[in-house]
Each structure stands twice: as C-alpha cells, then as structure tokens.
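This report covers a protein chain and its contact with a partner chain. The model comes first, then the description.

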Amino acid sequence: MATPLVVSEVAKSFTMHLRGGTLLPVIQDVNFSVKAGECVVLGGPSGAGKSSILKMLFGNYGVDCGQILVKHEDRVIDLASADPRTVIDVRRKTIGYVSQFLRVVPRVSAVDIVAEPLAARGTPIEAARARAEELLSALNLPRELWSLPPATFSGGEQQRVNIARGFITDHPILLLDEPTASLDAKNREVVIAMIEEKKQAGVALLGIFHDEDVRERVADRIIDVSGFSARKAA
Amino acid sequence: MSEQPLLKVHELSKFYGARIGCRDVSFDLWPGEVLAIVGESGSGKTTLLNCLSTRLTADVGSVEYLMRDGQYRNLATMPEAERRFLMRTDWGFVHQNPADGLRMTVSAGANVGERLMAVGERHYGRIRETAGDWLGRVEIGLDRMDDQPRAFSGGMRQRLQIARNLVTSPRLVFMDEPTGGLDVSVQARLLDLIRGLVQDLGLAVIVVTHDLAVARLLSHRMMVMKNGLVIEQGLTDRVLDDPREPYTQLLVSSILQV
C-alpha cells in the first residue's frame, strides 16, 4: 500500500457543556491522503482547524464521523474507531508526532526524553541514548543541557528536544505541528534537512508550517483547510 | 497484540444499603497497561478499587484474573487462602497512607524481605541482598535499611511501600492516591519513580487519583467516575484534551495553571 494515511469524510465539533451546551463546529467533510515519501502541508488561517486535524490523527481528539485509515504493520486500522490499546500501539510503531510544545516530565533528562520512543520500541537504552545524543548534537543543543530536565530550557531549546524526540524513530507517518516556529535560521535549516531525509526514507509527513520560506521548501502539496471549515461564512 | 487481558471486569456493582458505591462497571485490563480511575471524593473510585482487589465483596458482577498458568479464575469464588497468596505475591497494593501498607515497627529491610518470604525465599543472605537492591531502586540509602519506617519521612515511607510491593515481581498493582498528601517536589520524585518502574517492569496498574496531572503522567487509559458510575472513558490524552461529558469538562477546566 503506497498510501499509508487516508482521511475520509471526517467531521469534528465540540460541545461546550459549561457554556450551555453550545455546539462549536470545527471541520467537516475532511478528505485527503498522504503518500509515502510525501510532505503535505496543512494551510489556512489560524482557527481553521489545522491543529485539530493533527490531533485527530494522533488520537488526542475524537472524531464525530468519518474514517482515518492508517497502514499499521500489515493491517489497515481505522483510528476513528480504534480502541485505546490499538491507538497506543499505532503511536508506538506507526504515527510519530512533534507537538507545538514539549510536555516536560519532572526529573527526566533531555536525552532520556528523546531516547524514550526508541527505547519503547525495544532498542537497548544505551543505543537509544547514543542516537538521541546524535540528534541533539545535530540540532545544536548545547551538550551541557543534555542531562538536564528541559523544564527550565528556552522555548527554542525545548522545541529542539521535541523535534529530536519526534524524529528519532522510523515511524512511517510523522505529524509536525509548527516544528520550526521558535527556531533560529540555522536550526531551521537543520530541521528542513531532517524532513528531507525522512522523505527520502519514504515517510509520509503531514505538517503545519506558518513560516512561508520553510513551507515552500518542504511542501510537496498544500491543503487549504479553510475548505473543510464547518463554520458558515457570516 | 495477541495476548489476553489480565483482568476482566463484568458489570461490577456495590451498594451500601440503598446508596450506590459503584454500578455496572465493565472493562478489560491488559498486561502492562496503566488505568487511572479519576473523579471527586465520593464518586466511587475507591469502592471500585477495593472491589477489584477483593478487599470489598461486590454485590453484583464478576472479576476474572488471568493466573500465571494461563487460566482465568473468578476472584469472588476463589478460596480465601489462595486469594491471600495472590495478594501477597502476584499483586501489589499501594495505599495512600504508607502506614496502612507497611509494618511500622520492623526495619525497612524486613518490610521488603517479608514479602519475599511469602513466595518461599528462606535464605537470609539472599533476602537481605534483594531487599537492599530494592531499597536502592526506590532511592533509599542502604544505611537506612535497619531503621524502622517510623523514622522515615512521608515520601520515604511511600517509596518503601512501593519497594515492598514490587519485590515479588507482581503483574498487577493497585494504587490508591499514591501521591496524595505529599508536597509537590516529593510528589514529582515519586511519580518519576513509579513511571520508570512501571515501564521497566511492564506492570499493569490500576491507580485511583483525583489529580488529573498524575493521571496524565502515569496512565494510558482513564475512567471518569461520578455518583458510582463510569461516565466517560478512553485514552488518557483523548479524555483530557477532548472531554465529552459535562462533568469531565468541568473537571478538566478546573485544573489550575501554574
């Protein structure tokens, strides 16, 4: 199967029970697919539902209807209806995610945060740490920070830890939520090169990039999310 | 993914007279899975935990456990002696108050060693060595091995209770507010420790907590309880990021941001 990710007829709304049950539609009739080795970028204005789409694909958000078909090992899974255990397995092996902000865990060092997804897939911890160090080094994170918990790091430093964590595994699908937002030009180049490498390796990438320059360089295709907007134009 | 659930819970209910303790709770727990049960005081989460761990007898429903021989056994009909053996060896129970799970007037080393003796270890040197090893894993210095937990701080007692529970390599551990009542820095250390041990040992855990941050950090899956019923359940970050039920939305929106 050359297309590891197919999204069809997905809709999502939020019901705000604390606001008198207000129904907040976000998106509807979302249809797209991402091929192996392709980088698709979600475009459109803030609030159009770009992050929501990534969160649905990663399982953080439920979906109201539709299908999210993912090639998981030798099966096809519908993430829209998969049970928690399957979603966890899909995250471990198939779908990686670089979130906008790093969720820091008290007392866990940067290098261990990065190594964790690899270790969770059975790589011996020492080998996983060595790979984590290579990535942190490539991303120019000062060596003296590697053994520290990232809670006190700057935004850009946390972002690079987050990117290293997302890129360390060879997940066939990778979701990127503004990975270059708080990076300087030099590190942005590093990330662009890393994305290129993933494409060469046949990974299907789906991302959000507000930086036009980055978007131009990584995107094979841009999907305008405002086409899926569930909010009727006033 | 071909393995079987460790625990199969079917329509479990417990009543206190006319009042509901918990009602119609059904779920499967898989090996290595961490399930958080959240809800406010009085929502029935501790009642449920106690019914699951056979500390309370449920009025309706069944709990089946996958024994090490690969057979499911109904816990309610298991002979008392066998159930006690299970609780001492293949299960752990971490109480909110360490004094409920420890023997306060015997040494730290003996607290850990006692559980080992329950699985038939008799060699003093080996017991002491294993106990010392476990104290190290929960970051208690060997120089404190012969002290009684009465002389330990709250955080140390809780770590000792965890060592006592894990020394027999249980497959299922119940935890009732394991970090409740500890100050935040002690809590962070304990959470990190629990998280690491659960990962390394592949433990299945059912943890009751009212703290959603603890649930987020530790659990894969969560159940939200209110008035004895499970009102919402699912993947932990799905429930927390996209809560559906009015009560879950209230809980999530009530978290204080630091």
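The sections below describe the basis of the model, chain A and the interface.

## Basis

This is a predicted model, in which local features need pLDDT of at least 70 and side-chain atom pairs count only at pLDDT 80 or more, while totals for chains, interfaces and linings use all residues. Residues are numbered from 1 along each chain as its sequence is written, chains are lettered from A and ligands numbered from 1 in the order in which they are written, and side-chain values use heavy atoms, with hydrogens and water left out.

## Chain A

Chain A has seven helices and nine strands (DSSP runs, H or I of at least four residues for helices and E of at least two for strands, numbered from the N terminus). Its C-alpha trace spans about 50 × 40 × 40 Å along the principal axes. Of the 234 residues in chain A, 51% are buried (under 20% relative accessible area, 1.4 Å probe, protein chains only).

## Interface

The contact (heavy atoms within 4.5 Å) takes 24 residues from chain A and 25 from chain B.

Between the two chains there are six salt bridges (a side-chain nitrogen of Lys or Arg within 4 Å of a carboxyl oxygen of Asp or Glu). One salt bridge joins B:E3 and A:R85, with the closest N and O atoms 3.2 Å apart. On the side of chain B that touches chain A, α7 (184–201), α8 (212–218), β10 (229–235), α9 (236–241) and α10 (246–253) of chain B each supply at least two residues.

Technical notes: Buried means under 20% relative accessible area, exposed over 50%, partly exposed in between (1.4 Å probe, protein chains only).
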